[in-house]
Amino acid sequence: MSEAPDRRPDGVERVALFVTCVGELVEPDVPVAAVRVLRAAGCDVDVPEGQTCCGQPAWNSGFTADAARVAGTSLDALERAVADGADAVVVPAGSCATMIRLYWPQLFSLAGDEAASARARALGERVWELTELLDALPDDRLGLGSVAPCAAVYHQSCHMLRELHVAEQPEALLARVDGCDVAEWAAADQCCGFGGTFSVKLPEASVAMADEKLDVLPDGTEVIVGADASCLMQLRTRAGARGMQVRTEHIAQVLERALPDDGGADT
Amino acid sequence: MSEHGDRAAFLDRIRSRQGRPAGGGPHPPPPAPDVVPELAYRTLDGVDHDDPFALLPVFVAAARAAEATVDVVDDEVPAELLLRFVGDHDVRTAVTSREPEAVALGGALAAAGVSVAPYDREVAAAADLAITSATHGIAATGSVVVDSASAGSRAVSLLPKIHLCVLPITRLVASHADVLRGQQRPMPSGRVLITGPSRTGDIEQRLTLGAHGPVALHIVVVR
Amino acid sequence: MTNEWPLRSSTLRERTATAVDDPVLRANVGAATDRFRTKRTSALARLHDPDALRSAARGVRGDILADWAATLELLADNVQANGGHVCWAPTGADANDYIASVARRIGASTVVKSKSMATEETGLNEALAAAGCDTVETDLGEWIIQLAEEHPSHIIAPAVHKNRDQVADTFEAKAGMTERVTEPTELVAFARRELRRRFLEADLGITGANLGVAETGSVVLVTNEGNARMVTSMPRVHIAVMGAERIARTWDQADLVLGLLAKSGTGQALSSYTTVLSGPRGEDEADGPDEFHLVILDNGRSDIAGTEFAEMLNCIRCGSCLNVCPVYHQTGGHAYGWVYSGPMGAVLTPLLASQTGHGPGEDHHVGELANASTLCGACMEACPVEIPLQDLLLGLRRRNAEHAGLAERSMWRAWAAAWSRPGAYGASATVATKARRLAPLLGRLPGGSRWTDGRDLPDLPARTFRQRWDAGDV
């Protein structure tokens with residue numbers, strides 16, 4: 001199985017952020033937090049114009065040509081950013097990072113565009129999931145302070161864990177945040193049941209999967225932290241329907257709150 | 001020996017369908033290894049695979065982990081061990097395979113008052129005890145290997161309530177690879193790697209021994 | 001495919017909803033898969049570098065099937081050299097006909113079977129009933145569901161969905177249990193007594209085959225209960241029904257595959273009995289069958305060769321992908337509607353459906369099985385031969401999309417048209433945020449309104465990210 005490539009972040013200074021469609025439309029606080037944390041780590045952050053979505057919704061539903069059309073738009077935008085000098089493309093969502101890095105070459109190839117497939121493969125070398133990059137930076141580049149004490153658990157999202165093999169990095173970062181107390185969660189690496197259109201094609205199974213995770217939350221858990229806003233949306237909306245008090249928060253937002261000189265969150 | 005159906009058509013269909021699959025996905029298959037690797041068991045770390053005495057503790061631990069019981073004896077099976085075994089399991093009737101080790105042990109049991117007969121399926125189906133010997137013991141998995149050709153039957157080790165298997169220590173090997181690999185025709189009609197007693201977990205995952213075969217497997221390793 | 005299966009008479013959603021709503025089933029399936037999963041982890045941890053072994057096994061399985069026809073030929077020749085008979089069965093009906101003809105020739109009245117998924121595929125029991133045989137399944141779980149007239153819910157633990165009281169009910173109603181017992185040990189003892197009688201009286205024994213090993217013409221059977229040993233040593237005829245792909249050329253290959261099989265499935269070092277059978281009863285042997293037959297079953301398998309799904313043929317039916325699948329964990333096997341369940345079933349069933357004349361994707365009821373996954377990837381991580389099940393599921397979804405209805409195709413086309421143009425993407429974002437609700441977006445997905453079945457609607461933000469960025473507020 002493919003392992004995470006041994007990529008060195010040395011010299012990553014200019015970063016292009018891939019916002020993701022969920023970040024753009026549903027959870028803008030997540031890319032906002034990502035920008036601020038990356039800046040705090042000394043990165044010059046650009047958000048390339050023209051990017052939309054990675055194409056994953058259509059790809060996972062089997063609609064290759066439609067997925068390639070959308071992904072091609074984002075490929076163009078990200079490629080331009082790299083040509084303009086970005087050292088890295090950062091994605092604050094494990095699932096979208098996986099789509100771009102692992103599946104884009106196959107997507108474009110199946111869509112009959114071998115040139116785009118080759119371009120995607122080259123771009124993929126520069127794509128980082130947010131915590132993967134932050135953890136790889138020398139600790140002194142990202143100073144992390146404290147947050148108001150909270151009882152947290154960390155949700156390991158599937159593609160990030162099993163396809164990108166980014167497993168330890170998020171919790172390593174959280175461990176550097178005073179006040180964020182991450183407890184063991186027996187169901188941490190179980191799928192949340194979102195699965196894109198799975199969540200509406202088989203809603204009963206999807207909800208049952210969320211329940212299985214929520215049922216075993218450690219007593220007193222206040223917040224579920226994760227690196228994929230869509231998983232967190234699934235867990236939050238199910239918890240809400242059950243009347244549970246637990247919140248969700250993207251790891252970028254936790255890290256943003258922990259920045260020693262918080263630039264004033266506009267949330 | 002006979003063949004039914006159309007072999008050529010069956011195989012032609014397969015041949016006609018086979019080309020190299022397109023693939024191109026993010027998880028491409030690896031090439032076949034030049035040498036098929038053996039499973040490397042951690043319990044065999046640092047153990048001389050050719051020294052049965054070094055393999056013995058590994059074998060005993062693995063067999064016990066598989067719910068078998070094991071005694072290790074010198075030279076021949078002591079009378080008091082046999083008497084204790086007969087008493088513990090209330091053994092009144094026994095059948096033996098035709099291997100000399102099994103027949104000899106049967107003789108000792110008969111002397112202890114057990115009704116011992118050579119294998120017959122009706123007798124065996126009602127018997128308390130089966131006595132066989134093993135062609136191999138597999139240290140890594142705690143298995144014993146019983147051959148129909150040397151035992152004289154496939155089911156002698158299966159039908160009675162308890163299976164007593166004699167394993168001369170020189171027949172201990174490290175892993176199943178030492179038994180399975182290199183097998184050639186002619187093969188015994190039936191060869192079985194027995195790892196613990198018969199079991200099922202089909203009802204609520206509760207481990208229950210003695211589903212269809214023996215409820216207990218007792219291995220006597222003879223040094 | 002036999003008609004009694006619910007695959008074509010219900011939808012995947014209906015079946016999963018029914019399963020999720022059954023607390024006994026969910027508790028039993030959950031407990032069983034948890035246990036298998038834990039035991040698998042510790043069994044593999046006793047090996048050095050199990051991931052390298054899985055990868056090697058993937059290469060080995062690919063190597064075997066690259067030479068598929070020649071390996072089958074060697075196997076068939078050696079089975080006959082060992083004194084056995086071989087039947088080439090292109091379809092399930094061919095296999096059933098042959099087996100029924102053997103049963104008639106020997107005048108078989110009682111047939112004992114050891115668990116075989118291949119014969120579930122072919123509907124053999126019905127065919128034998130038509131030939132006048134009383135067929136008894138002898139794997140305990142399989143016997144329970146045969147008595148209860150249900151289908152297997154797990155490929156290695158067919159009655160995993162039932163609890164002890166339900167088993168006792170079945171034994172009372174269908175197996176003549178007069179003094180009700182509910183302790184598993186007592187239920188097992190009851191089954192042992194009843195089935196022991198049937199083993200001894202049976203004329204014909206039928207098994208599947210975990211592996212056929214070509215170089216010696218042998219068939220390997222792996223069981224814990226010992227029923228396969230009974231079935232292959234008591235009756236006077238033994239027929240093994242083997243999926244044509246379940247082969248190894250050499251014992252080196254077989255050793256690797258068998259070494260991983262039990263560890264991956266039940267988490268044992270080896271199952272209680274790994275039985276190697278090479279033909280009928282030997283000379284001077286007191287038992288064993290006078291006749292041995294190997295039925296080599298295609299039944300749609302060759303159609304998988306040479307396609308992007310070819311790696312599915314590497315499957316060794318260990319059940320580990322079921323045990324780690326979060327969807328299977330909630331639903332058990334019946335939700336998949338046919339013989340095979342879990343991720344391997346979601347892939348294999350649509351592929352084998354080609355035997356009915358429908359290509360993958362053409363038959364919606366079969367094709368939609370590929371949707372029974374969140375693509376979480378746990379299956380590939382557990383598979384002892386590393387089948388990239390998530391890639392194959394995606395491939396099947398692509399086939400389905402080729403045959404999708406106009407509404408769905410139009411919806412994705414409209415989505416792609418909008419989201420491939422940054423201007424239109426921004427506009428759709430603005431529309432959504434003005435509504436402050438996700439409903440308009442979800443409403444554009446097929447079945448999108450089902451989000452609120454058990455979940456709150458997420459609020460949408462007042463401004464999109466791009467609006468905030470452009471305003472210099474980031």
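Start by colouring chain C by domain: domain 1 covers 22–297, domain 2 covers 310–402 and domain 3 covers 406–470, with bounds that come from an automatic or database domain assignment. The C-alpha centres of domain 1 and domain 3 of chain C lie 51 Å apart.

A word on what you are looking at: this is a predicted model, in which local features need pLDDT of at least 70, side-chain atom pairs count only at pLDDT 80 or more, and totals for chains, interfaces and linings use all residues. Residues are numbered from 1 along each chain as its sequence is written, while chains are lettered from A and ligands numbered from 1 in the order in which they are written.

**Chains C and B**

Now show chain B beside chain C. Here 97 residues of chain C are in contact with 78 residues of chain B (contact: C-beta atoms, placed from the backbone, within 7 Å). The side of chain C that touches chain B has 42 nonpolar, 33 polar and 22 charged residues (Ala, Val, Leu, Ile, Met, Phe, Trp, Tyr, Cys and Pro count as nonpolar, Asp, Glu, Lys and Arg as charged, and the others, Gly among them, as polar).

Next, select residues 190–194 of chain B and 273–277 of chain C. These are strand 10 of chain B and strand 9 of chain C, antiparallel and joined by five bridges (strands pair if DSSP finds at least two bridges between them). Click on B:Arg191 and you will find C:Val276 opposite.

**Chains A and B**

Six residues of chain A are in contact with four residues of chain B. On the chain A side, three are nonpolar, three polar and none charged.

**Helix 4 of chain A and its partners**

Select residues 64–83 of chain A, which form helix 4 (helices are DSSP runs of H or I, at least four residues, and strands runs of E, at least two, numbered from the N terminus). How does helix 4 of chain A lie against helix 19 of chain C? Their axes come within 8 Å and cross at roughly 10° (axes are lines fitted to C-alpha atoms, for helices over the stretch in contact, with angles from 0 to 180 degrees between N-to-C directions). The two helices are therefore roughly parallel (angles under 35 degrees). A:Asp66, A:Arg69 and A:Val70 meet residues including C:Trp412 and C:Trp419.

Terms used:
Contact = placed C-beta atoms within 7 Å. Parallel < 35°, antiparallel > 145°, perpendicular 65-115°, else oblique.
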